[in-house]
Amino acid sequence: METSVEMIAPVIALVAWSMVMWVWMYATRLPAMRKAGIKPDPNALKGQQMSALPPSVRWKADNYNHLMEQPTIFYALAISLAVIGSGNEVNLYLAWAYVCLRIAHSLVQVLGNRIEIRFVLYTLSNIPLFGLTFNAAMFFIR
C-alpha cells in the first residue's frame, strides 16, 4: 500500500490557517483586554470576562474555537486517506474544497460575522467532508 502525500498538503494548510487565526485572536484580544482594564481571573466563570470585550474581538476567539472542533474530523479523514493511498484526484479536490470553505467561513466570521453567510459556508463545507467519509468507507467495503 502506497501513501498519498499530496493529501497532507490541505491538512497543513488548515493547520497553518488555524495558527493565523490564533495570532489574529491574540493580536486583537490582548489590546482590547488592556483597554477594558480586564485582568485574567481564574475564578471567573468561563467566558464571563471575555463578554466585556467588543463583539469584533470575540469573533476571532469564537472562530479559533470553531477551527478546533469540526476540522478534527477532516484531519482524521485526510490523514487516513493519505495512509491508505486514497489521496486520488477526487479526494484531493474534496480536501481542498473543505479547506477553502473553512477559510471563507473564518473570514466571514471575523470580518463581520454575517451568520446567514456563515451558515451557508458551514453547510457547504460538510459536502466535501461527507464525500471524504464516503470514499474512505468505500476503501474498506471493496
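**Entry 1: Met 21.** I began with Met 21 and looked up its contacts, leaving aside neighbours within four places in sequence. I found Met 21 in contact (heavy atoms within 4.5 Å) with Lys 60, Asn 63, Tyr 64, Leu 67, Ser 106 and Val 110.

**Entry 2: The model.** I noted that this is a predicted model, in which local features need pLDDT of at least 70 and side-chain atom pairs count only at pLDDT 80 or more, while totals for chains, interfaces and linings use all residues. Residues are numbered from 1 along each chain as its sequence is written, and side-chain values use heavy atoms, with hydrogens and water left out.

**Entry 3: The whole chain.** I looked up the helices and strands, which are DSSP runs numbered from the N terminus (helices H or I, at least four residues; strands E, at least two). The protein chain has five helices and zero strands, giving the pattern α-α-α-α-α along the sequence. Its C-alpha trace spans about 60 × 30 × 25 Å along the principal axes. Of its 142 residues, 38% count as buried (under 20% relative accessible area, with a 1.4 Å probe and protein chains only). I also recorded that, among contacts with a separation of 6 or more, 81% join residues 24 or more positions apart.

**Entry 4: The cores.** I then looked up the nonpolar cores, each a set of buried Ala, Val, Leu, Ile, Met, Phe, Trp, Tyr and Cys residues joined through side-chain atoms within 4.5 Å. The largest has 23 residues, and Met 21 is listed with Met 7, Leu 14, Phe 74, Leu 81 and Leu 132 as having the most contacts inside it. Two or more residues of this core come from each of α1 (8-36), α2 (55-67), α3 (71-83), α4 (89-111) and α5 (115-141). The largest share, six residues, comes from α3. A second, separate core of six residues includes Met 33, Met 50, Leu 53 and Val 57.

**Entry 5: Helix α3.** Which residues of α3 are buried? I listed Pro 71, Phe 74, Tyr 75, Leu 77, Ala 78, Leu 81 and Ala 82. An α-helix has 3.6 residues a turn, so residues three or four places apart point the same way. The buried residues of α3 pack against α1, α2, α4 and α5. I checked the length as well: the expected span is 1.5 Å times one less than the number of residues. The 13 residues of α3 should therefore span 18 Å, and the end C-alpha atoms are 18 Å apart, which agrees. After α3 comes Gly 85, with a positive phi near 75°.

Methods: Buried < 20%, exposed > 50% of the residue type's maximum accessible area, 1.4 Å probe, protein only.
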